[in-house]
Amino acid sequence: MNPKLTQEQEKQLCSLLGNVKLSLLFKASIYGYTGAAFHQKCDHQGPTVSVGYNSTGFVFGGYTSKDHDVAKQGQYIQDDKAFLFSLTGRNPVRYPVTNAQYAVKMHNTTGPYFGEALLLMNANTATVISIPGNYYNFNAAEMHGNNLNLTECEVYKVEEGGNIIEKPWRTILWKAERRKELMDSVKLYRPMISSVGQARVLLIGPVGAGKSSFFNSVNSIFRGHVTSQAISGSSGTSLTTQFRTYSVKAGRDGKPLPIILCDTMGMEEATGAGLDVDDISSILKGHVPDRYQFNPSVPLQADAHGFRQSVKLHERIHCVVYVMDTCKVSIMSTKLEEKLVAIRRRVNLLGIPQLVLLTKVDEACPCVANNLRNVYNSQYIKTKAQEVSGRLGLPMSCIVPVKNYSEELELDMSCDILLLSALIQMLRFADNYFDDVNDQEKHD
């Protein structure tokens with residue numbers, strides 16, 4: 001059997017599933033569009049992903065981590081990991097189950113049956129039943145258009161990539177003392193140039209990659225509990241619409257730390273949307289004031305209100321950090337890559353050191369989700385780091401994996417150590433910038 005799923009669609013699907021292998025179990029055009037054929041091939045196979053195709057080019061379906069089982073005819077299977085998806089656009093869309101108790105239904109005359117929302121191969125025919133809102137919320141037009149007739153239905157077994165490597169590709173000490181050492185190093189850091197009190201680090205990245213979440217996570221460590229000051233969340237367009245400079249305090253009433261994290265509007269691939277490449281230059285040179293409201297269609301002009309004409313060294317950016325979602329590295333669009341490369345060129349011209357933060361490592365690799373300390377034993381995370389390195393033209397030593405705080409209410413030592421290690425790298429890179437400024441001044 002040859003899969004109908006293209007290589008690009010498989011990449012998209014794996015960006016939703018994490019580090020997995022897909023093996024084709026069932027193909028309706030070969031075995032028939034019947035419930036009996038589906039159950040014969042797919043029951044008791046563990047996690048599966050079911051994919052429907054229609055003649056108008058839509059590719060959609062659902063995932064369950066539980067067994068299909070015709071013996072449970074008429075019953076619902078609880079699954080809090082189940083989701084529906086659409087692979088039709090450039091970026092895959094995921095619709096999580098809203099009531100896990102009714103995630104999947106077993107029926108002997110149908111194919112895969114998700115809640116009461118999506119049913120592939122209804123009543124032993126090549127048709128779909130689609131009712132948004134029944135335990136899954138989705139946009140029907142976005143998912144499958146107006147076409148409920150299948151040209152193909154496939155079911156794939158989903159297996160973990162099994163990619164734990166014995167020798168970690170980077171060594172790290174997972175101890176409470178190390179966490180304290182890193183925190184102290186950050187607190188005691190002083191820029192090498194006396195006129196600069198705090199290193200300014202600019203966070204750049206696509207919408208939803210985790211720029212604001214990174215600041216919130218670092219702030220949480222020094223506050224001693226999970227907190228959320230910068231607006232963050234998941235949205236199709238950037239939730240940050242202003243240029244913001246965030247100072248982290250050592251404790252609730254503590255002194256500001258010697259680092260300022262600057263947050264920008266998220267990057268979008270469309271022209272005239274998201275962060276403008278010309279605005280980046282103004283930010284890097286220190287012309288943009290805190291709380292400047294971005295206008296994606298018009299970059300900041302030198303005669304605009306608030307534009308800083310005269311800029312001192314402490315107002316410039318001393319290190320640039322690209323924030324990338326590990327799950328989306330492989331499906332980064334060419335346009336977005338071109339924007340990032342254009343920004344890289346501008347940053348290079350100004351001699352500013354650059355780092356990459358690889359976020360959501362736990363969502364990308366199941367073995368890291370099970371234990372964050374596997375992050376440097378994960379071949380998959382290493383592969384993603386190498387891919388980013390190649391696409392952005394930065395060495396592997398400039399790529400740092402992290403996990404931001406998102407749904408947790410309590411701090412986690414391993415999570416803190418990764419975040420603090422990233423912060424230390426930013427300060428070291430800022431030092432490189434100050435070294436260059438000192439050398440330049442000696443030359444002049």
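## Basis

The model is predicted: local features need pLDDT of at least 70, side-chain atom pairs count only at pLDDT 80 or more, and totals for chains, interfaces and linings use all residues. Residues are numbered from 1 along each chain as its sequence is written, and side-chain values use heavy atoms, with hydrogens and water left out.

Helices (H or I, at least four residues) and strands (E, at least two) are DSSP runs, numbered from the N terminus.

## The open sheet

Six strands make up an open sheet. Their order is β1-β11-β2-β3-β5-β6, and the pairing is antiparallel. Two strands pair if DSSP finds at least two bridges between them. The edges belong to β1 (20–27) and β6 (93–96). Each has a single partner strand, so one side of each is left without a neighbour in the sheet. On average, neighbouring strands are turned by 25° against each other, direction ignored.

Two helices lie across strands of this sheet. Helix α1 (residues 7–17) lies across β1, β2, β3 (59–64), β5 (83–86), β6 and β11, at about 120° to β1. Helix α3 (residues 35–42) lies across β1 and β11, at about 145° to β1. Axes are lines fitted to C-alpha atoms, for helices over the stretch in contact, and angles run from 0 to 180 degrees between N-to-C directions. Contact means heavy atoms within 4.5 Å.

## Strand β2 and its partners

Strand β2 (residues 48–54) is joined to β11 (residues 150–160) by seven bridges, and the two run antiparallel. V51 has E154 as its bridge partner in β11. N54 is partnered with L150 in β11. Six bridges pair β2 with β3, again in the antiparallel sense. Here G52 stands opposite F60.

How many residues of β2 are buried? Seven of its seven residues are. Buried means under 20% relative accessible area, exposed over 50%, partly exposed in between (1.4 Å probe, protein chains only). T48, S50, G52 and N54 point one way, while V49, V51 and Y53 point the other way.

## Strand β12

Six of the six residues of β12 are buried, so the strand is largely enclosed by the rest of the structure. A199, V201 and L203 point one way from β12. R200, L202 and I204 point the other way.

Strand β12 runs parallel to β14 (residues 256–263), joined by five bridges. V201 stands opposite L261 in β14. Four bridges join β12 to β16, also in parallel. L203 has V321 as its bridge partner in β16.

## Helix α8

Helix α8 (residues 334–349) has 16 residues. Its span from first C-alpha to last is 23 Å, close to the 22 Å expected at 1.5 Å a residue. That expected span is 1.5 Å times one less than the number of residues. After the helix comes G351, with a positive phi near 70°.

The buried residues of α8 are L336, E337, K339, L340, I343, R344 and V347. They fall within an arc of 155° seen down the axis, so they line one face of the helix. The arc is that of the directions from the helix axis to the C-beta atoms. Their cover includes β12 (199–204), α7 (277–284), β16 (319–325), β17 (354–359) and α11 (379–392). The face turned away from the buried side carries the exposed residues T334, E338, R345 and L349.
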